[in-house]
Amino acid sequence: MPAKRARGASRQPAATASSTSAAAKGAATSTVLVHRCRFVDQVPDPVESLQYDPSCSRLAVLRANSDIELWSLSEGGWFREAYVPGVPDTPVRRLALGSRTASHPDGRLFSCGLHGVVTEWDLARLSPLDNYDSLGGAAWSLALHAGSARLAAGCEDGGVTVFGVVEEGLENVYRLPARGGRVLSLAFSSSGGQLVAGGADGSVRLWALGGGGAARHTWRHSCQFVLESEGRKRPPLVWDVLLLPDSLVVTADSSGRVCFYDGRHGTLVNRFRSHEADVLALAATGDGSHVFASGVDHKVSLFTPQPEELKPHQQPLAIFNLAAPRPPRQSLPEGPS
């Protein structure tokens with residue numbers, strides 16, 4: 001009997017262990033769904049320059065780290081067509097994008113930078129196709145007029161280099177003499193026969209092509225004026241310029257003002273203190289009837305002529321401001337884990 005009690009006593013703990021193991025196994029097979037949501041603190045590099053092609057169906061984007069993106073418009077919206085990573089120690093400042101042609105089905109893309117080089121890019125291989133000296137040191141601005149096949153680069157020494165755009169690259173270089181500070185902004189007229197430049201010393205200079213004969217390819221200096229400093233020690237920086245029909249010059253400067261000048265005589269037509277900080281970019285409609293300005297204060301300003309019944313002799317301009325709100329913080333959900 002003692003032996004039997006010993007065997008019975010040994011079985012009871014074994015049964016308890018097996019039941020405990022089964023319970024543990026059942027607990028291990030159960031799953032718990034956990035949904036996690038993390039905030040994405042993505043900080044993309046700032047956009048340095050935006051340039052449309054003449055058809056407005058493609059957009060070239062230059063970022064502060066010299067990355068170049070090419071976006072195209074399709075029926076489904078905008079998509080990134082090409083991406084060229086930036087080269088270290090190559091500070092690219094501006095882009096110029098040309099149209100697609102039979103000899104250049106991918107279009108033509110030019111860039112300039114503080115390294116003093118104007119580069120044409122091979123958009124099929126996404127690599128530099130050819131490099132050209134700016135002839136004036138660091139190149140701060142770039143303007144392309146597709147109709148007249150001219151490319152202008154504004155340089156550190158205050159001069160402007162005008163290239164002729166041909167099938168093989170750039171040639172027929174014409175150097176406009178240096179006057180004033182570095183050229184921060186450039187713009188052609190709609191016909192390509194006039195060129196305006198805005199400088200770091202507050203100066204605005206205009207050139208025009210000569211008349212007929214041999215002079216038709218010669219640029220002559222037609223007008224120059226300096227933005228008012230309004231009691232400051234130095235005139236404001238001219239960040240951007242436009243050249244509208246009837247030689248109307250629009251300037252955007254570091255004092256937050258947008259000014260309209262008569263480019264034939266250099267006289268002030270109208271001036272607006274439309275922004276609280278630097279005005280960095282200007283854009284106009286095709287007919288030049290509407291001008292948009294934006295800057296670092298998250299504001300977009302629209303300038304348009306007054307209606308005829310309200311228009312006095314000097315044709316003042318009306319202004320409308322649109323405040324751009326800051327985008328909300330975005331979050332991306334994760335799946336079950």
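Is Arg264 buried or exposed? Arg264 counts as exposed, with 54% relative accessibility; here buried means under 20% relative accessible area, exposed over 50%, and partly exposed in between, using a 1.4 Å probe and protein chains only.

Before going further, a word on the ground rules. This is a predicted model, where local features need pLDDT of at least 70, side-chain atom pairs count only at pLDDT 80 or more, and totals for chains, interfaces and linings use all residues. Residues are numbered from 1 along each chain as its sequence is written, and side-chain values use heavy atoms, with hydrogens and water left out.

**The overall picture**

- The chain has 26 strands and 1 helix; these are DSSP runs numbered from the N terminus, with helices being H or I of at least four residues and strands E of at least two.
- Out of 337 residues in the chain, 39% count as buried.
- Take the contacts in the chain with a separation of 6 or more: 39% of them come from residues 24 or more positions apart. Contact here means heavy atoms within 4.5 Å.

**The largest pocket**

- The volume of the largest pocket is about 1900 Å³. On a 1 Å grid over the protein atoms alone, a pocket is an open set of points with protein on both sides within 12 Å along at least five of seven lines, whereas a cavity is a set where a 1.4 Å probe fits but cannot get out.
- Grid points are joined across faces, edges and corners, and the volume is the space filled by probe spheres set on them.
- There are 49 residues lining the largest pocket, and Leu50, Gln51, Leu242, Leu282 and Ala283 lie nearest its centre. A lining residue has an atom within 4 Å of a point.
- Several strands supply at least two lining residues each, among them β2 (47–52), β6 (92–97), β10 (139–145) and β23 (291–295).
- By type, the lining splits into 31 nonpolar, 12 polar and 6 charged residues. Nonpolar covers Ala, Val, Leu, Ile, Met, Phe, Trp, Tyr, Cys and Pro; charged covers Asp, Glu, Lys and Arg; the others, Gly among them, are polar.

**Salt bridges**

- The whole structure turns up 11 salt bridges, each being a side-chain nitrogen of Lys or Arg within 4 Å of a carboxyl oxygen of Asp or Glu.
- Arg264 pairs up with Asp262, their closest N and O atoms being 3.2 Å apart. Asp262 is buried at 14% relative accessible area, while Arg264 is exposed.
- Salt bridges with shared partners also tie Glu48, Arg93 and Arg94 into one network.
- Arg182 and Glu156 form a salt bridge, with 3.0 Å between the closest N and O atoms. This pair links distant parts of the chain, 26 residues apart: Arg182 sits in the loop between β13 (169–176) and β14, and Glu156 in the loop between β11 (150–155) and β12 (160–166).
- Arg257 bridges to Asp253, the closest N and O atoms being 3.7 Å apart. Here Arg257 is buried at 3%, and Asp253 is buried at 0%.

**Two buried glutamates**

- Glu69 sits in strand β4 (residues 68–74) and is buried, with a relative accessible area of 7%.
- The side chain of Glu69 makes a polar contact of 2.9 Å with that of Arg63 and another of 3.0 Å with that of Trp71. A polar contact is a pair of N or O atoms within 3.5 Å; within protein, one must be able to donate a hydrogen and the other to accept it, and residues adjacent in sequence count only if both atoms are side-chain atoms.
- Glu69 and Tyr83 are 14 residues apart in sequence, yet 4.6 Å apart in space, C-alpha to C-alpha.
- Glu120 belongs to strand β8 (residues 117–122) and is buried at 2% relative accessibility.
- Leaving aside neighbours within four places in sequence, Glu120 is in contact with residues including Arg108, Phe110, Tyr132 and Gly169.

**Positive phi angles**

- Most residues other than glycine have a negative phi.
- Cys56 has a positive phi, near 60°, and lies in the loop between β2 and β3 (58–63); Cys56 is partly exposed at 47%.
- Asp246 also has a positive phi, near 65°, in the loop between β18 and β19 (248–253); Asp246 is exposed at 66%.
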